[in-house]
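These are my notebook entries on one structure. I list what I looked up, topic by topic.

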Amino acid sequence: MDNSYFDHPIILQNMETTILTKKLSWLKGLALKCPVGDEDANCPFFNIRTYPVGDRMKILDQMEMDEIVEMLDYHEVCLRHKEQKIIQFHK
């Protein structure tokens, strides 16, 4: 199969837009509430969650991709840490 289709600038731009949209959607869910319920004061979402929901969404909509990725990376590490604590508790 010819992969040149995926190298086309329009296709790449659409793929990047789709990825950004999915990441932003996930980020907006995390801005509503911590999925584990044990919110960490160091969490980048902590201050954002103090704003009314509409303002939270506006803040997130203005973020750059690198900021979005950084926040999601923090979330993934934090979630793994909390999951491990839960697993250890139940052993």
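Entry 1, fold. I looked up the secondary structure of the protein chain and found five helices and zero strands; helices (H or I, at least four residues) and strands (E, at least two) are DSSP runs, numbered from the N terminus. Read along the sequence, the pattern is α-α-α-α-α.

I am working with a predicted model, in which local features need pLDDT of at least 70, side-chain atom pairs count only at pLDDT 80 or more, and totals for chains, interfaces and linings use all residues. Residues are numbered from 1 along each chain as its sequence is written, and side-chain values use heavy atoms, with hydrogens and water left out.

I noted a mean pLDDT of 81 for the protein chain, with 80% of its residues at 70 or more; pLDDT is the predictor's confidence in each residue, from 0 to 100. Where pLDDT is low, the predicted coordinates should not be read in detail.

I have an accessible surface of about 6900 Å² for the protein chain, 57% of it belonging to carbon and sulfur atoms. The areas come from the Shrake-Rupley method with a 1.4 Å probe, and for residues only the protein chains shown count as cover. Of the 91 residues, 22% count as buried (buried means under 20% relative accessible area, exposed over 50%, partly exposed in between; 1.4 Å probe, protein chains only). Among contacts (heavy atoms within 4.5 Å) between residues at least 6 apart in sequence, 64% join residues at least 24 apart.

One joins the side chains of Asp61 and Lys28 at 2.8 Å, N to O. Asp61 lies in helix H4 (residues 53-61) and Lys28 in helix H2, so this pair ties together parts that are 33 residues apart in sequence. Asp61 is partly exposed at 45% relative accessibility, and Lys28 is partly exposed at 23%.

Arg49 and Glu39 also meet through their side chains, at 2.3 Å, N to O. Arg49 is in the loop between helix H3 (45-48) and H4, and Glu39 in the loop between H2 and H3, so the pair ties together parts 10 residues apart in sequence. Arg49 counts as buried at 13% relative accessibility, whereas Glu39 counts as partly exposed at 33%.

I looked for disulfides (a pair of cysteine sulfur atoms within 2.5 Å) and found zero in the whole structure. For Cys34 the nearest cysteine sulfur is that of Cys78, 6.3 Å away. For Cys43 it is again that of Cys78, 6.2 Å away. Cys34 is buried at 12% relative accessibility, and Cys43 is buried at 13%.

I placed His75 in helix H5 (residues 65-89). His75 is buried, at 10% relative accessibility. Leaving aside neighbours within four places in sequence, His75 is in contact with Trp26, Leu30, Pro35 and Phe45.

Note on methods. Salt bridge = Lys/Arg side-chain N within 4 Å of Asp/Glu carboxyl O.
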